[in-house]
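Let's take a walk through this protein together.

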Amino acid sequence: MKFRHGLLLVGVLALAGCSWMPHFGKDKTPKQMTLMKSLTGEVDYSLAHEIPADAYLEVTLADVSKQDAPARVIATDHIAPIGPSPVTFVLSYEPSQLGDGVDFAVSARIKQGDRTLALNDTQVSVLGRSGNEGPVRVVIAEIH
C-alpha cells in the first residue's frame, strides 16, 4: 500500500514539474486575442427555375477598397441545401482581418459546381466607411 502511495506521489510530482518547464520554441510575447465578430443578413431571391438539389449559396465579405486590384476575401459562408427565400447567413471574421481597408461589400451567388446560376448585381456596402454593421439584405437575380 505504501509503495503505491509513493509511486503515485512520484507521478504527481513529475507531472507538476512538467508544467514549470519553459515552453521551448514558443513565442514569448503574448499575442493579443481578438474576439470574432459576425455580420448577419438575408439573401433574397426569386428565380424562374427551380434550384438544383446540388446547388449551394455562397455569401462573401470582401475588401473592395482597391479598384485596380481583385477584392480581398475576408469571410465566406457556404449554405447547402438552399432553403426558401430569404436565406439567412452569418459571416464571421476577426476585426484584424479588415486590415486598413475602408470599403467592404457582401456578395452572394447561387452555384452548381463551378457554374454560377444567380448573383447580386448591386454592391451591398458594409462596415468601413458605410458604417453598415448589419443585418444586411442581398438580392440576387438569375443569370440568363
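Predicted model: local features only at pLDDT ≥ 70, side-chain atom pairs only at ≥ 80, totals over all residues.

Residues are numbered from 1 along each chain as its sequence is written, and side-chain values use heavy atoms, with hydrogens and water left out.

Start with the fold. The chain has one helix and eight strands, where helices (H or I, at least four residues) and strands (E, at least two) are DSSP runs numbered from the N terminus. In sequence order, the pattern reads α-β-β-β-β-β-β-β-β. Of the 144 residues in the chain, 27% are buried, that is, under 20% relative accessible area, with exposed meaning over 50% and partly exposed in between (1.4 Å probe, protein chains only).

Now look at strand 1, residues 37–45. Strand 1 pairs with strand 4 (residues 87–93) in the antiparallel sense over seven bridges; strands count as paired if DSSP finds at least two bridges between them. Here Lys-37 has Tyr-93 of strand 4 as its bridge partner. Strand 1 also pairs with strand 8 (residues 136–142), in the parallel sense over five bridges, and Gly-41 stands opposite Val-136 of strand 8.

Next comes the largest pocket, with a volume of about 150 Å³. On a 1 Å grid over the protein atoms alone, a pocket is an open set of points where a 1.4 Å probe fits, with protein on both sides within 12 Å along at least five of seven lines, and lining residues have an atom within 4 Å of a point. Grid points are joined across faces, edges and corners, and the volume is the space filled by probe spheres set on the points. Among the lining residues are Leu-47, His-49, Ile-110, Arg-115 and Glu-142. Strand 6 gives the most to this lining, with three residues.

Finally, find Ala-71, in the loop between strand 2 (56–63) and strand 3 (72–79). Is Ala-71 partly exposed or buried? Ala-71 is partly exposed because its relative accessible area is 41%. Beyond its neighbours within four places in sequence, Ala-71 is in contact with Ala-62, Asp-63 and Val-64.

How values were computed. Contact = heavy atoms within 4.5 Å.
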